[in-house]
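User: Hi! I'm new to this one, could you walk me through it?
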Amino acid sequence: MIGRVFASANATTQVGWVCIRQIAVWLGGAILVGMLAFLPLTWLVWLVGAVAAVLCLMRWPWLIWLILAALLPFASAQRIGLATVTDLLVAAGVALWFVDGARRQTLLLHWSPVAMLAMLYAVLLLVSTFFAIDLGEGVREVIKWIQLPVLLLVVPAMLTIRNRQWVAAALIVAAVAQSALGLYQFIGGIGAEHFVIMGRFMRASGSFEQPNPFGGFLGLALPVALSLTWWAGDRLVRGAASRLIAALWFGFYAGATAVIAGGLLASWSRGAWLGAATAVLIVLVIRSRRVAIWSVVAGLLLSIVVLLGVFTPDVLPQPIVERMQDVPAYFGLTDVLAQPVTDENFSVVERVAHWVAAQRMWAQSPWFGIGPGNYAVVYPTVRLPQWEEALGHAHNIYLNVLGESGLAGLMAYTLLWTTTVLWVWWQARARRRERADSSRWLIAVATGIIGLVVHLSTHNLVDNLFVRGIVVYIGLWLALVHMDQDGVKN
């Protein structure tokens, strides 16, 4: 008897909940229809688009990384409060990973040596914040670097091999879009007056607003685009897929490589040129022994051209010569600080002055530095005479890391990128004997990423490229080559 009473009560409760849900659905629908009836058309279009995007992301969560990859440079330039749109998209991606994993009753994380070392570096930056004068700047820098291990842990778990190919294409599209914008600025003379070159053109800066990080960003994409062009061309020759599809991929990557190279040249950034040349040489050497020989020859010829530009100015066009003549000063071949400052050597002397400031910061706190992101805050107390303006960083990432996070931070930073190259190389070797097209694609991306890290390490000798979402850009590329022992799903 008691059992029947409880069963009856339970059935009544279930019916009640069903009625409540139906009423809530109908009531919500009525409110939505009422809102739509009075909303302006523009708001209505945005609302419908937002709802459609949310539904697509709930159905295919991996699309968040495709969107982020394509919009990254532009999204990083837009701030909403203390965060950028890039930060919000990364947070949304992690939330989608959690929701999708909870639905599947499994939350996958892909561990790797690079992810662990990136986490270690972020932890050391967090420790360094205890020495920071401006805690807010320190926290922002820590959040920026926390995104790298988060991407390496989460993104591979959400992507199949086919998804990865589309995300890689989106990352290249982002670079092509930036390059196209930069070429438009270069030809149209759009930019600040001090970016004018040759009396009629403008140094390209894209949405980065500065030519050096713009050129650095394109230099990161160029070796990967070149390596993928090689993969697509080999695929077309071998007939591994439909001729039309193979030709489309080859045309896309070859065209992208050309456009990116054009934008890189238009940046007029010596650091970007040097880094990109080194990265391209590394990719060519890895891809083919025959090409490696010709690449070495080309590298020697290029070195001769550079030396001619430095020591015999009449041989090369004057604009190129002017960009080359200050190169020796970057490597300590001249006592640049003892020279009078002129329009020709201003940028070199300015950088060297900021290098000295970074060394003085390190002397204040040798082990953990003066705090991440605090270079500009401490700069007035350590600057050289005549150089009052802090540029935001030391224009040398190694000295910048040393000054802001000390010896501990510099060792962790160096270990992170050295391990990254070795790990990516191992990932490529693990697939080298496989003949599947997906394995060939992964090898091509891994080769390009090695070139990416080489460019990063070279260009960062005279700059700091970790601005405007570039940490996220690098993290997405690294996530694409993360594989389990059994590979990834097709």
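This is a predicted model: local features need pLDDT of at least 70, side-chain atom pairs count only at pLDDT 80 or more; totals for chains, interfaces and linings use all residues.

User: Great. How many salt bridges are there?
Analyst: The count comes to seven salt bridges.

User: Which residue does aspartate 100 meet in a salt bridge?
Analyst: Its partner is arginine 104, with N and O 3.0 Å apart. Aspartate 100 and arginine 104 are both in helix α4, which covers residues 85-104, and being four residues apart puts about one helical turn between them.

User: Is aspartate 100 buried or exposed?
Analyst: Aspartate 100 is buried, at a relative accessible area of 15%, because the cut-off for buried is under 20%. Arginine 104, on the other hand, has 54% relative accessibility and counts as exposed.

User: Let's move to helix α6. Which residue does arginine 140 pair with?
Analyst: Arginine 140 forms a salt bridge with glutamate 137, at 3.0 Å from N to O. Both residues lie in helix α6 (residues 135-158), where they are three residues apart, about one turn of the helix.

User: And how accessible are arginine 140 and glutamate 137?
Analyst: Arginine 140 is partly exposed, with a relative accessible area of 35%. Glutamate 137 is partly exposed too, at 30%.

User: Which salt bridge does arginine 468 form?
Analyst: Arginine 468 pairs with glutamate 209, and their closest N and O atoms are 3.4 Å apart. This pair links distant parts of the chain, the two residues being 259 residues apart. Arginine 468 sits in the loop between α17 (437-459) and α18 (470-480), while glutamate 209 sits in the loop between β4 (201-202) and α8 (211-238).

User: How accessible are those two, arginine 468 and glutamate 209?
Analyst: Arginine 468 counts as partly exposed at 25% relative accessibility, whereas glutamate 209, at 54%, counts as exposed.

User: Why can side chains pair like that?
Analyst: Side chains of opposite charge can pair when their charged atoms come close.

User: New topic: where is leucine 124?
Analyst: Leucine 124 is in helix α5, residues 113-128. Leucine 124 is buried, with a relative accessible area of 18%.

User: What is leucine 124 in contact with?
Analyst: Leaving aside neighbours within four places in sequence, leucine 124 is in contact with Phe368, Ala408 and Ala412.

User: And what separates the C-alpha atoms of leucine 124 and leucine 410?
Analyst: Those C-alpha atoms are separated by 9.9 Å, with the two leucines 286 residues apart along the chain.

Methods:
Residues are numbered from 1 along each chain as its sequence is written. Side-chain values use heavy atoms; hydrogens and water are left out. A salt bridge is a side-chain nitrogen of Lys or Arg within 4 Å of a carboxyl oxygen of Asp or Glu. Buried means under 20% relative accessible area, exposed over 50%, partly exposed in between (1.4 Å probe, protein chains only). Contact means heavy atoms within 4.5 Å.
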